[in-house]
Amino acid sequence: MRPILLQGHERPLTQIKYTKDGDILFSTAKDQIICAWFSANGERLGTYHGHQGALWTVDIDPTTTLLASGAADNTVRLWDVRTGKCVKVLELNTAVKRVEFSEDGTQLLAVTEKRMGFLGTIVVFDIKIDVDAEQSSEPAMTITCDESKATVAGWSYLSKYIIAGHEDGSVSQYDGKSGELLDNYPAHEDGMPVTDLQWSPDRTYFITSSKDKTAKVISARNLEVLKTYVTDTPLNTATITPKKDFVILGGGQAAIDVTTTSSRQGKFEARFYHRIFEDEIGRVKGHFGPLNTIAVDPQGRGYASGGEDGYVRVHHFDKGYFDFMYEVEKEQARG
Amino acid sequence: MAPSYNDLPEDNGYDSEEELDYSDLQEQYDVRLEQGLDAFVVIDGLPVVPEDSKQKLVKYLLKKLTTAGKTKEDATFMPTNDQGMTQGYAFVEFKSPEQAIAAAKTFNGTPFDKKHTLAVNKLTDIDRYGREGRVDDEYHAPHIDEFSEKDHLRWWLGDIAGRDQLVMYRGDSVGVFWNKKKDNPENILDRKNWTEFFVQWSPQGTFLTTIHTQGAQLWGGPSWSKTHKFPHPGCNLVDISPSEKYITTWSFKPIEVTEDDPFLTLEEDGKNYIIWDVATEKPLRSFQTHDLASPTVDDATGQPVKKKIPWPAFKWSADDKYVARMLEGQSISIYELPKMNLLDKTTIKIEGIRDFEWAPAVPQRESVKGYEQLLCFWTPEIGSNPAKVGLMNIPAKEIVRTRNLFNVTDAKLHWQSQGAYVCVKVDRHSKSKKSLATNLEIFRVKEKGVPVEVVDSIKDTVINFAWEPKGDRFVLITTTEVVAATAVPPKTAVSFFCPEKIKGAGVGNFKLIRTIEKKNSNAIYWSPKGRFVVVATVHSQQSFDLDFWDLDFEGEKPESDKDLTANLQLMNTADHYGVTDIDWDPTGRYVATSASVWKHTMENGYHLYSLSGELLREEHIEKFKQLLWRPRPPTLLSRDDQKQIRKNLRDYSKDFEEQDRIEEDKEKGAIVEERRRTLSEWLAWRANTEEDLREERREMGLDTEINGVDDKAEDADGEGEQIEELVEEVLDEFEEIVS
């Protein structure tokens, strides 16, 4: 099906998130505004104004009540999804690169940049899912990354662990309550930053993408690498599709690394891999800059990709996608 | 020891202009290290004469010897015995050791008079080889190693499935594979650092050549052992003769041979080319690179012109009997193999010669009974003389046919693979020298009197031309623009030609079939069996077309082509990003296209197409360098056998298809088994994880429904329910009275 092109941002996209129902998607870009869109037809629902710096990240609580965003203006803001009003500004020391609500929405983590003498941290806030409630300004917990700064982080199932991906390519497992470092595993090539970390629907495993041109599916419980997807381009993002056992990877040669940038040479395509067999099964062209973020509808109906080119492309899967099955999978389904 | 004057390097750091003339001093103080013994020769086999005739004999001898070097009577010593008779030998001192060598070379074994034959040797050699004990008095038979069976060098032709081999050079390793069509090529062996520069098959596929700083090596047989080595230090290029009997190696740097070199002799010192006998691994003859006649500095820009060495410089005749090299502008030297002596001891002077080519097959001309080889050459306009194309037969060295041409800027010689035609592509300039156009002068070599047909309907410059192998059709590419090194590829047009249908035997005139305009194509690759041709754009930054054409399409023929011996049809168009090289397999069934890291670093790897342009495989390989099909020797089947096979092709292909199916099933089975295992492992892991998760949820007093897992089956078609809400809002209301 033809993708819907969302032309609401003027700068490169940084993150896209669907609501749990998959009906609305939120996008952030370096142009300081958050956009909300209907995923079905691409109509813009509204924007959220207030940040004073490039927006890096956005997340929605599971009930679609509160929206959290993090930006280069050193703040995390909480918004009323319905009205677009900012209900809370949480001041931090440095730019915020990633925010994520816990599975039940009662906690929010924020990954801060290492800058101006501050080490990279993961800060946790307690959240009340109510637009009128008074939110606490004080962090409930702060994890400091003194080895290599965290680039991405997220909550595992039952908020048991906080998993972080680091600039040196390693992945850490922290205790979700105490913040204690439980494990650190060099999942990706040394010195190749982890660029994205997204969860399986039940949050028992996650996928990481890295500049080392690979993406890996890792178990949250013991950081065991379960699957590896090898590509030929540095990756910026990776996501796990619900309903079908695929993963979608995105990336591309950064503009400074290519001499002549035709879209072909830059490899600006979304790549579909089979999650279990690790085979590439398809590519979707369209962007003319590297893909910075890919998000998938939690209900499995489609996905959206955001590029360095400033566009969001919303795709709805067609029948062929749902019918696609390896022979052995069909066997499995029959038996 | 202090260096003698002789040992001082020529260039000792002084400016040549300031250098003083020391030659007189040098002569005075020069130390004769060998005490002059090198200048002596021993002459044996002289007649025995009495004392009084001795004078006469010496005089007669000297008369002969002085043709080789300077000597005089008092430098000759002819001893006599007690009876006053000479003893049949003499010692002669020459002015220099070089002259002594020359004398030994010239006179050794030559007749002195009717009864006497001279044996002339250097004194030092007699000392070296003739001294007691140096040569055993008794004859010992040389030791001959037990016969041990060697690998069969053509083993790969016996493959039960008749598959073809290919070699791939990527990263540091070279691998040889069986072609498996769609499937991963089956690896036969993989060797790291097998070659230092590149690999190359011999013309009939018997050997794989690897190039090293120490020289070239040939490998073959099922064990891929080293069969031959040619220690040419710094060797850059090699060229093996069509029958694989001889090999030429070339190095940019002249060879430096040291005294104790185990392989090369001083004969090879300072040379660039060595022509070797493959079987004995011995050099046959060595040569220096000719200085190129073209200017070293561009007249217009003053920039030095990058010289491109013509390769192969030594061109083999089709039957390996001759090898020839051209000295541009002057002559062709033809050497007879295997002795490598100059044919008739002279070079063939052809003033102004710019290029020549041997007929690629032994020609069978009508009305010519005896043995001959043909070569074609051309000379540009010199003064008021027109440019000329000539056909010469060898060994008679007769000009079989010439043709005069005017306003010639450049010419290229294209032989058809059986030597039936030679097409001379002549780039002609207009009087003002501003525009270029191309004529084709086609020599019908096999017809009586070698008639020449001229195709002058082409208005533009032809940048590429190729004959159909074993056929009589050709493809050419023209461009209106002058080909310059710009980023934008020039617009080109591709034209197909074939002979007209005529009654009776013979071949009709060449006619244009069709021209395809507005292409970027620049390369033509015919199937080795003819009929099919790939026209491609290679080494381009923007365009990567591969057009697969069939010239004998079995479908309906357009009315306009009814008089032509071809039915042209574009079968398929493909696109291989960054393609640099294209190679047909020797059977003409597959086309491999590769993007080599030697040219660029984008998406290196290869594609494999069927002859009709269907993509069978593509593989991206980091640092991919070369893919070469192993050539096959000519078939051993007779013409009738081949006809028979063609007739029963349907039955054969039934068998082959069946075999393919079995093979495919087997491989699929293995893959399916592997997938089954992977899938069940994953499912087991999931089941475990889910169970643990449920357990933990129970402990925490939560419901045990797990997000996003249980609803997997439903809603599989993705058709979600769509609810559209229409909200009507009254903005304003007023009444308007209509009269």
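Which residues have the most contacts inside the largest nonpolar core? They are B:Ile43 and B:Leu46, in a core of 20 residues. This is a predicted model, in which local features need pLDDT of at least 70 and side-chain atom pairs count only at pLDDT 80 or more, while totals for chains, interfaces and linings use all residues. Residues are numbered from 1 along each chain as its sequence is written, chains are lettered from A in the order in which they are written, and side-chain values use heavy atoms, with hydrogens and water left out.

**Core of chain B**
- A nonpolar core is a set of buried Ala, Val, Leu, Ile, Met, Phe, Trp, Tyr and Cys residues joined through side-chain atoms within 4.5 Å, where buried means under 20% relative accessible area with a 1.4 Å probe, protein chains only.
- Strand E1 (40-44), helix H2 (51-65), strand E3 (89-93) and helix H3 (97-107) of chain B each give two or more residues to this core, and H2(B) gives the most, with five.
- Helices (H or I, at least four residues) and strands (E, at least two) are DSSP runs, numbered from the N terminus.

**Hairpin of chain B**
- Strand E29 (residues 461-467) of chain B has five of its seven residues buried, and this strand pairs with E30 (residues 474-479) of chain B in the antiparallel sense over six bridges, pairing requiring at least two DSSP bridges.
- Six residues separate E29(B) from E30(B) in the hairpin, and B:Lys470 in the turn has a positive phi of about 60°.

- Residues 48-89 of chain A are 0% helix and 55% strand, with end C-alpha atoms 13 Å apart.

Conventions. Buried < 20%, exposed > 50% of the residue type's maximum accessible area, 1.4 Å probe, protein only.
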